Amino acid sequence: MTVNRTSKVRTCAIALAAGALVLTACSEGGGSGSDRSTEPTMEAHGITLGSAADSTGPAKEVPGAKKGGTVRVLQRDAYEYLDPGQIYVTDELIMQTVYNRTLTNYQVDDKTGKTKLVGDLATDIGRSSDGGRTWTYTLKDGLKFEDGTPITSRDVRHSIERLYAKYQTNGPLYLQQWLSGEGQTFRKALPDGPYGGDHLPASVLDTPDDKTIVFHFDQPRAEVPFAVAMPNIGAVPPGKDKKEGYNKAPVASGPYKVADFKPGKGITFVRNEHWDPKTDPIRHQYVDRFEVSFGHQWMDSTRRLLADQGADKRAMTWNNAVDPAQISTVLKDKEAMARSLTRTQPYVDVVSINTSRVKNKKVREALAWAFPNGQYLQQYGGPKAGEIAGSLVGPTLKGHNRDFDPFQKRKYPGGNIKKAKELLKEAGKEGYRIVYAYGNDKPAQDASVVVVRALEAAGFTVEKKELDRGTYYTQIGKVNNTYDLYRSSWSADWPSGSTVVPPVYSGKNVHDSSPNYSHLNSPTINKEIERIERIEDLDKAAPEWVKLAERVLTEEIPQVPVFYNRLFTLWGSGIGGVKFHEPYGAVDPTAVFVR
Amino acid sequence: MLRFLIRRSLGAVVILVLISAITFFLFFALPADPARLACGKNCDPASLALINENLGLDKPIPVQYGEFMVGIVAGRDFPVGHCDAPCFGYSFVNQEPVWPTIVDRFPTTLSLALGAAVVFLAVGVGLGMIAAWRRGTWIDKLFSSLSLLGQSLQVYFVGVLCLAWFVSGLSIMEQPAYHPITENPARWFSGMLLPWLVLSLIFMANYSRMTRSQLVEQLHEDHVRTARAKGLSGRTVFFRYAWRGAIAPIVTIFGMDLGSLLGGAMITEYTFTLHGVGRLAVDSVRLTDLPMLMGVMLISSAAIVVFTIVVDALYAVIDPRVRLA
């Protein structure tokens, strides 16, 4: 998963944890000692599974919250998809929480910031039977669409069956593939979706009455409660579904509805009068309107939120970070810092080593030792933008070991040049030629200077290849690319390494446009992936995934972990109820109010 | 005049067709893959093939180009629905029709271009005339120095400073934004004021220098000397003889500048977060959105071509020596 939004790959990551599916994460925050001591708010809380009682609305009132007012939301990137079936990037994931409800969802505690998975449209997070092969969901009473029509199991079924249509290409595929087959073969089960009147057989997806939805899988699927929290497993009224046209006018089930959407320019959400707070344990409906405008570069949103004047006092951003060039100014401003947050995001930035070209493991090891993580991170904003990484899985995943740092990146933020030199000498590859590819955006250009300096000091000969930012991921995503080293980013879709390790490190995924950018195809790793995938107990599987990720790094070195991402952001002084949505790594809008 | 306009219009159509062909075929020479943008996180070759089919990118490039050009004249049918002529297709990115999107963005660009043009023409040409009138004096030197300074400034620099000082700092100017003039003329004016001033600052310097140099040159021409010798007043000589001679090249440059601005003032639009045609062009390149890119390119090119023809036609009015042969 790449951080660059245009590559469509930033999604949620969560931490799986103990007990029934616990989660924790233990980052004290900060990539350096000093940073750690000054950033207590960065702790990742992890996610727990909520009960049926937790799934009952209304959400707890936020102290001091008032109704009314308009909130301006300044966003950099335009939303391309409003159709919940097509949503998969962070900006849209957080946006859809205001109008789209799913079978389960994430409830963020207003005070502690801790996150629970709870029933959203459903009364609970699901009941499994038949050894995990069957999952049953019951819809709550009083659920309505924005036009006042009741939400029934037929609408939930339609939201799933439409994902089989050929125009649905961008959203998550988990549930469809589990129900009907891997890859794109699932589409054969319902060619062109439900639009011709066909439906999935009841032996796969059953809706015995208006309230009940039953999923039948051919093997145990322990992670269904998380899969049905993804935005595409909600409710879509068949009569209002105009296929591609639904993208502009989705029918709301949440507290807000789309009033005006101008692609590329902005979107306005207004109250949905038919949303009943008693059915919703997650969301509030404090503000009258959210007016979201696009095109605000971080420099612009930071300037406006820092100035905090006029209508901008009631402005915020859902995931624009503070502009790296203005971080020091913001840090000096106590008043501004009081209306800011800095939290660890689920994304891990890595530098992939193309194992199709760099076959010598000692050379890869030398690269890993030499890579200047600290100086590299500095170009992206320093400790406020991330924490130096030692592992391929981030602090938000259960089992993450803060002390795991096999290449001693915290000790040698500029890279251990001496060690790298020795390794290169041992390999008899002094002067080894490395082609380093990077995008033509400013941080990547700046970072290329420190990377080249470190690698050349270690004895490599480095050739820089600057690639167009817009086509960067297309170019590095080609299996026959001619580069040796390039940056990418990835996070889990939910608190399980099953959404990290297999896609990024399985030999099955060595193909064009795959997230396996290093083209790793190790029989031992592949075998281990298959073994862990068969573990039915998520609690046991979670630490196994983390251990395997550590093995991948120490035994194969296909990537160098560089930094765990952080979000440092501001909001206007006239706004309250701001909290961090850990699974999506963005600001949660569901409790926001105007003071 | 009519023959001239018909001949130039036919030439313009040929130029636009050539531009469209070059843009279309160059796009496919890029290492871009529009399907990748709609392929989600766990993309694979089968998904890419499906998306290419959805977007019509699985057909041979000449066929795609032919369908695109026919659509402009006759409209086309897409899975999303029928697209009436002039149909530039649907955006690869958000499945929105291209033509209404451009129509939606154009008022912002038009407001920006015309407002800035009024400022830079009035002030730039005015300063140039004063400098020429008072050539050699301290006023001339001051204005020439200011022009040099203005020419060396850039929108992305001055714009950001102005935003920091006048909007965020002193709070004496409104946050730049486009509000339709038909809805609220006062907000339209206040929202566009800063972009106009900053954009015009750069052009103003050019027009000031150009006007001054043209006028100074004209003031040394034989016909001006003759007019003076005939005893005409300095004001009459300046405005009726020198100014009339100097205006032709200014109009030429102005026509081209205005055409370019109507094609989108990209940096200004980005600096002030305005959603005009220029920003749309940059975004469509960044997102490898071929239909949108084609639409914006053709509209921008058409603006330049049309204004060039208009300027050429105006020449005959301004300068009687020119004949539209």
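**Helix packing and the chain contact in chain B**

In chain B, the axes of helix α1 (residues 2–29) and helix α13 (residues 290–318) come within 10 Å and cross at roughly 155°. Axes here are lines fitted to C-alpha atoms, for helices over the stretch in contact, with angles running from 0 to 180 degrees between N-to-C directions. That crossing makes α1(B) roughly antiparallel to α13(B), the word for angles over 145 degrees. The crossing of the pair is right-handed, meaning that the near helix is turned clockwise from the far one by less than a right angle. Helices are DSSP runs (H or I, at least four residues), numbered from the N terminus.

This is a predicted model, in which local features need pLDDT of at least 70 and side-chain atom pairs count only at pLDDT 80 or more, while totals for chains, interfaces and linings use all residues. Residues are numbered from 1 along each chain as its sequence is written, and chains are lettered from A and ligands numbered from 1 in the order in which they are written.

Now for α7(B), which bends by about 25° at B:Leu163; the bend is the angle between axes fitted to the seven residues ending there and the seven starting there. Just past the end of α7(B), B:Ser171 takes a positive phi of about 60°.

With α8(B), the axis of α7(B) comes within 10 Å and crosses at roughly 145°, and this crossing is right-handed. Touching there are B:Val155, B:Val158, B:Gly159, B:Cys162 and B:Phe166 of α7(B) and B:Leu194, B:Val198, B:Leu199, B:Leu201 and B:Ile202 of α8(B); contact means C-beta atoms, placed from the backbone, within 7 Å. By class, the residues come out as nine nonpolar, one polar and no charged. Ala, Val, Leu, Ile, Met, Phe, Trp, Tyr, Cys and Pro count as nonpolar, Asp, Glu, Lys and Arg as charged, and the others, Gly among them, as polar.

As for the two chains, their contact takes 41 residues from chain B and 40 from chain A. On the chain B side, α2 (34–37), α3 (45–55), α5 (98–133), α7 (155–169) and α12 (277–286) each supply at least two residues. Helix α3(B) gives the most, with seven residues. This side of chain B divides into 20 nonpolar, 12 polar and nine charged residues.

Methods: Angles under 35 degrees count as roughly parallel, over 145 as roughly antiparallel, 65 to 115 as roughly perpendicular and the rest as oblique.
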